[in-house]
Amino acid sequence: MQVTLTINGRAVSRDVEPRQLLVHFIRDTPGLTGTHWGCDTSNCGACVVLMDGRPIKSCTTLAVMCEGHEIRTVESLEVDGRLDPVQLGFHEMHALHCGFCTPGMLMTSRALLDENPHPSDEEIRTAISGQICRCTGYKNIVAAVRWAAEHQAATRPIEEVQ
Amino acid sequence: MAVIEQEERPIGFGRLKRKEDARFIRGQGTYLDDIRLPGMLHGAILRSPYAHARILSIDTSAALAHPGVAAVITARDLETLGLAWMPTISYDTQAVLAGDKVRFQGQEVAFVIATDEYIARDALPLIDVEYEPLPAVVNARHALDPDAPLIRDDKDGQVDNLASPTWEAGDEAATDRAFAEADTVVTRDLIYPRCHPAPLETCGMIADFDPATGQLDIYNGNQAPNAHRTVYAHVAGLAEHMIRIRCNDIGGGFGNKVPVYPGYVCAIAGSIVAGAPVKWIEDRSENLMSTGFARDYVMHAEMCAKDGKITGLRVDVIADHGAFDSTAQPTKFPAGFFHICCGSYDLKAAHVKVKAVYTNKAPGGVAYRCSFRITEAVYMVERMVNALAMEMGVDEAQLRMRSFISPEQFPYETTTGWTYDSGNYAETLKVAMEIAGYEELRREQAEKRARGELMGIGCAFFTEGVGAGPRKHMDILGLAMNDGADLRVHPSGKAMVSISAQTQGQGHETTFAQIVAEELGIPPEDIEVRHGDTDRTPYGLGTYGSRSTPVSGAAVAVVSRKVRDKARLIAATMLETRAEDLAWEKGRWYVKGDPEKGAMIEEIAAYAYSGDPMPEGLEGGLDAQVIYDPPNLTYPYGAYIAVVDIDPDTAQVRVRRFIAVDDCGVRINPMIVDGQIHGGLAEGVGIALMEVITFDEEGNCLNSSFMDYLIPTALECPDFELGATVTPCPHHPLGAKGVGESPNVGSPPAIVNAVIDALHESHGVTHIDMPCTPARVWAAMQGRPEPPQ
């Protein structure tokens, strides 16, 4: 069936099977493989994207359920070659190792700071508690989100972190 | 200002932010599933619902008729290709697809290739397999019972479920004497249960066989690309140069991506059969049910003391290897490095026996940051020290202090045959106790106990042996455990170093650039680290067992020094002086006594490639290559202290504080070292409290998804408190030791000791097996410790 949704501000329309998962729909869109799949059961959160500004797990959301909704993925964070504070925070605080959970963690962090610009460490831990990072032990992810909260206006061209 | 700049962007060792971050924070990593080749087909595996059953028939006709299905492969098809069975890393064999019997639930039975992944999975239930169920062997302790069903009837001469003969280390008679002379003896039955590394990215492969050229291109996330290529060359009968393995970004490994899995061979066979690239990626249940698990050691241990010091250790182990022995460990060590179990103590004697059995469970056994069974060894010895302290009525930290190997005893020969390189154990434990505020914690605990609150403090001290290893002692499938490095400084003065270590998130692109930067003075941003491509990297055995820095890191240091030595000869020609009259400062050779006169490394590089004359007998260019053979393992160690609170009503254990002081020698990038420790500690929290793979009596896996295999989140992990001591490794060129596995090795016993400490005085608990789930802790509080599985 035909489904039309907005991904990162761009309308995407496609004929899909009703059973197609949103994570596959997104990943089938050219250039958008930043959203990952990790578990099938809504536990790991590697697939987290924002739907209308709120984090959802795209591995247990059907593409057709998103008709008319706005989806934001990790690829939307960088604007005109300049990075979002949460991206900078993860780099500054060494909040990623293998990088597989990072896109989902970044999107949840972005949504948290949009809603609560000055979260406590407990609020940060609660916000990311639906997601698994197997590498970092979370300590530096908490520090990264705190960094982003303290540097909300920070932005930097990508060249400076390369 | 300049100083700050220097700290932020060190040319050499220091807290350099990672070079690889830029792609990951933008979602531009290239993991296996991100790769799409033209005309690519998709594979899916039909798996056994039974733990043990005879296969009577397989009918694939309905699946083949399903629209979009290109091929269905069974054992019979693989037999014609000679691929029905494959060698394991431990000289056993493993069925690629089951033909005669299935031997564990989740075993591979058929491989479907279709135009997309949904169709491939749709076709799986259309395959009709007729099974005759057989009784399953689930409990390792009953695997050798006379009436136990024979699992490996495929092996000639196999009459029981013994996977490998009993393996021993240490001196039995001396150990008997130590026990006879002892004044205190404790005994415990300990289980290190089966758990799973569960990297967030599951395992998979894209195989692309070109029938015109015979070239096999493989995309795969494995931890040892060169070794895998050699295995495939043997299995498929291809020359190694006809196989290229590319590992791009890998979403975590932790040992789970060391073995060769049947799905990989299926993807290769599928590409040969279908004449197209075939992608196969397992789902989470397949990962948890069929790929390399960890631990599963049943241990009977005794420890003794005399005059207040630990003197002897005796341990008898049953290792559960599952249905096929695919434990990944050096050939001459069938029980891995378990016999390092003397730990950090100056024992009079120790004796170790390990017996391995087959069961109807998934194969594996060495994975999950364990350094070839050192995790099991450290858990056992540190639980026993805790038990001994409890029996003697002394503080466990004090018992350790009294029993440690002292600094002047290094290099220290253990009674089971290891040569520890260096250490100051008492100092490291002291630092951990200071950070923890140990005396204050004990006072707080006494007050809480008086109020009926359950607070526990647990210690663990570990010595690891990492960086396998010396070629005279260690090989895997006959391949020496050495690593190569190839360094080229280009005419511009920028450099490229190719390594055989394989990052799965450890930050190699940064750390290895820092090693070259430290040795040559080239800024790390100008050094490209190349890895993960067998066509473009030197031979070596990859990344597991914390071996990247001890082996590959040493290789990069040595190759950098070779380049520096060559640069010296060239600089002498450039400066019209003798090489021995030159001195080195980072990035520059200069004339002794005339420091203004010198040549920068980039000037030397430009000269080396120019038309100007080279020194007599020296070839142009500025490059070198080495294969590094480590003279010994490196022996990192650490002191860990856990503080737990237990809810008396729900028996929920919460790790309130965790203090980890690691000594891994010289730290190349302390930020990355700390990050590795954080990650391993989180895994330790999971293993101690949550993570376990269990089976019912029929061999059904009860933890086959993340709904049942529980991994700690940010809410279960405390805000880890780290400290460091630095005792350089005397034989590593940089003084560095490995570190990745240490936190996973050291943390579970600290947490379990803390749980017991919380419950001992009030509830009489002297032992509890992992994971310390609320149900298990509650049962222990009621005086009903759960029987071991």
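Strand E16 of chain B, residues 297-306, is mostly covered, since eight of its ten residues are buried. A residue counts as buried if 20 or more other C-beta atoms lie within 10 Å of its own, as exposed if 12 or fewer do, and as partly exposed in between, with C-beta atoms placed from the backbone. Strands (E, at least two residues) and helices (H or I, at least four) are DSSP runs numbered from the N terminus. The model is a predicted one, in which local features need pLDDT of at least 70 and side-chain atom pairs count only at pLDDT 80 or more, while totals for chains, interfaces and linings use all residues. Residues are numbered from 1 along each chain as its sequence is written, and chains are lettered from A and ligands numbered from 1 in the order in which they are written.

**The surroundings of strand E16(B)**

Two strands are said to pair if DSSP finds at least two bridges between them. Strand E10 of chain B (residues 184-192) pairs with E16(B) in the antiparallel sense over nine bridges. Within this pairing, B:Glu302 of E16(B) has B:Thr187 opposite. E16(B) is also joined to strand E17 of chain B (residues 309-320) by ten bridges, and these two strands run antiparallel. Here B:Ala319 in E17(B) stands opposite B:Tyr297. E16(B) and E17(B) form a hairpin with two residues between the strands, where B:Asp307 takes a positive phi near 55°.

Chain A comprises five helices and seven strands. Along the sequence their order is β-β-α-β-β-β-β-α-α-α-α-β. The C-alpha trace of chain A spans about 45 × 35 × 30 Å along its principal axes. Its radius of gyration is 15 Å, which agrees with the value near 15 Å for a compact globule of 162 residues. That radius is taken over C-alpha atoms, and the globule rule is 2.2 Å times the number of residues to the power 0.38. Of the 162 residues in chain A, 57% are buried. Two residues are in contact if their C-beta atoms, placed from the backbone, lie within 7 Å. Among the contacts in chain A with a separation of 6 or more, 64% link residues 24 or more positions apart.

The contact between the chains takes 44 residues from chain A and 42 residues from chain B. On the side of chain A that touches chain B, helices H2 (85-92), H3 (102-115), H4 (121-127) and H5 (139-150) each supply at least two residues. The largest share, four residues, comes from H2(A). By type, the residues on this side of chain A divide into 18 nonpolar, 19 polar and seven charged. In this division Ala, Val, Leu, Ile, Met, Phe, Trp, Tyr, Cys and Pro count as nonpolar, Asp, Glu, Lys and Arg as charged, and the others, Gly among them, as polar.

**Nonpolar cores**

A nonpolar core is a set of buried Ala, Val, Leu, Ile, Met, Phe, Trp, Tyr and Cys residues joined through C-beta atoms within 7 Å. The largest such core has 271 residues, of which B:Leu97, B:Val112, B:Ile751 and B:Val755 touch the most other members. Helix H10 of chain B (residues 374-392) gives the largest share of this core, eleven residues. Beyond its neighbours within four places in sequence, B:Val755 is in contact with residues including B:Gly456, B:Val644, B:Ile768 and B:Cys772. Another core, of 42 residues, lies apart from the largest one and includes B:Leu487, B:Ala517, B:Leu569 and B:Ile604.

**Backbone features in loops**

Most residues other than glycine have a negative phi, and most peptide bonds are trans. The table lists backbone angles that depart from this pattern.

| Site | Feature | Angle |
|---|---|---|
| B:Ala468 to B:Gly469 | cis peptide bond | omega near -25° |
| B:Met770 to B:Pro771 | cis peptide bond | omega near -10° |
| A:His94 | positive phi | phi near 55° |
| B:Tyr368 | positive phi | phi about 65° |

B:Gly469 is in the loop between strands E22 (454-463) and E23 (475-476) of chain B. B:Pro771 belongs to the loop between helices H18 (742-763) and H19 (774-781) of chain B. A:His94 is placed in the loop between H2 and H3 of chain A, and it counts as buried because it has 25 C-beta neighbours inside 10 Å. B:Tyr368 lies in the loop between strand E19 (364-365) and H10 of chain B; this residue is buried, with 26 other C-beta atoms within 10 Å.

B:Gly478 is found in the loop between E23 and strand E24 (479-480) of chain B. With 8 other C-beta atoms within 10 Å, B:Gly478 is exposed. Its C-alpha atom is separated by 13 Å from that of B:Ala328, 150 residues apart along the chain.
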